[in-house]
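Student: I would like to learn how to read this structure. Could you walk me through it?

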Amino acid sequence: MIIAERKPIKELLEMLAGHDKVLLVGCKGCVTVCNAGGVKEVGVLASALRIARRRQGRPIEIDEMTLDRQCEPEFISWLEEPIREKGYTAIMSAACSVGPQYIAERFDKVAVMPALNTKFIGGTLEHEVWAEFCRACGNCGIHNFGGLCPITRCSKGLLHGPCAGSSGGKCEVRPEVDCIWHLIYTRMKNLGQVEKLKALKPAKDWSSYWSGGVRRVVREDLTL
Amino acid sequence: MSENFEPRIVAFCCQYCSYAAADLAGSMRLSYPPNVKVVLVPCTGRVDPLHILRTIEDGADGVCVAGCLEGDCHFLEGNFKARKRVAYVQRILNEAGVEDARVRMFNIAASDGPGFAEAARMMTETIRALGPNPLSTKTEKMTEEL
């Protein structure tokens, strides 16, 4: 899922300067799971912003709304009525950066701002702790590495074995991070496939990652 | 204003310990400041950051969350969760420009009536020193008039 975290209140207050009536929109997708932008976090953030603005002597009216998902245009249309009826001057989106972009494209008369920093595609390590697992390179080859991704999980993104900073199974960049090459080697050894790691492989084709402009996936059989 | 200031403090008290301690303090005829208004909760683990923030937003001068002694929670770890949440709210209040000392966690055993009275006194004195919540309507009006 997409992992995000809330921006500092100070930064959000700077964005909201000049706005007195704002709709704070949460998302019930990934950011609810990582406790950054669901119903509850939207409530806490709205309260914090109201408190901060009252402390500044410039009270702000913040309404709260949480959409099922902000990465689907049909859910974004749920905002049409409140925006038309309530006269908000700004929408603050507590979703990954897809949400505020959809809102900005749909409504040209209101300012749109992100409440969250979108961090990475990740998974849960333990309760309320998340780590990056995928860099969305667009050409997955983890089968060559025992099912583990060195591009994302090696701090240096090495594809041909560990660096000299691997020590006791940990990474020199951050000691709490496992050396993924240590894990890859151990796993390949257990699978009896260490020889596969010795095979020469051509340089990775990164064109699926950077080139060609905005990436797009189309399922022709399902398009309407 | 500060001479006549009587803090309004909301205390979220766990029914298994702090609420019983408050009851015991009354039974023991212990005097403690009447500024603390008790809200009964089934466990301090039920107290959400939003409860505390809204209480401050609505004008309470202070909020305390009073749970069981550490290790004695009826639900095993509700008071540990509450402690973390109180710290989280304190960070948010700091970011929003409100003194974090307005929110505090206490751990009081059911048998400790004097402990509750002492906590109530301590919290009242802390808030009295801080002054009124700048967000209370009364304070905002007076600031505008000044």
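Tutor: Gladly! This is a predicted model, and we can begin with a salt bridge: R6(A) forms one with E95(B), and their closest N and O atoms are 3.1 Å apart.

Student: How many salt bridges are there between chain B and chain A?

Tutor: The count is 4. For polar contacts between chain B and chain A, the count is 9 residue pairs, both residues being at pLDDT 80 or more.

Student: Which elements give two or more residues to the side of chain B that touches chain A?

Tutor: They are helix 2 (49–57) and helix 3 (78–96) of chain B. Helix 2 of chain B gives the most, with 6 residues.

Student: What is the area buried between chain B and chain A?

Tutor: About 1500 Å², with carbon and sulfur atoms giving 52% of that. On the chain B side, E57(B), E95(B) and A96(B) lose the most area to chain A, together 35% of what that side buries.

Student: Is S47(A) buried or exposed?

Tutor: Buried means under 20% relative accessible area. S47(A) has 0%, so S47(A) is buried. This residue is found in helix 3 (residues 39–55) of chain A. Leaving aside neighbours within four places in sequence, S47(A) is in contact with L50(B), L53(B), R54(B) and E57(B).

Student: In what order do the 3 strands of the open sheet in chain A come?

Tutor: The order is 1-6-7, with antiparallel pairing. Strand 1 (2–6) and strand 7 (129–134) of chain A are the edge strands, each pairing on one side only. Between strand 6 (residues 116–126) and strand 7 of chain A there are 5 bridges, and G123(A) stands opposite A131(A) in strand 7 of chain A.

Conventions:
Residues are numbered from 1 along each chain as its sequence is written. Chains are lettered from A and ligands numbered from 1 in the order in which they are written. This is a predicted model: local features need pLDDT of at least 70, side-chain atom pairs count only at pLDDT 80 or more; totals for chains, interfaces and linings use all residues. Side-chain values use heavy atoms; hydrogens and water are left out. Helices (H or I, at least four residues) and strands (E, at least two) are DSSP runs, numbered from the N terminus. Buried means under 20% relative accessible area, exposed over 50%, partly exposed in between (1.4 Å probe, protein chains only). Contact means heavy atoms within 4.5 Å. Two strands pair if DSSP finds at least two bridges between them. Buried area is the accessible area (1.4 Å probe) that two parts lose on being put together, summed over both. A salt bridge is a side-chain nitrogen of Lys or Arg within 4 Å of a carboxyl oxygen of Asp or Glu. A polar contact is a pair of N or O atoms within 3.5 Å; within protein, one must be able to donate a hydrogen and the other to accept it, and residues adjacent in sequence count only if both atoms are side-chain atoms.
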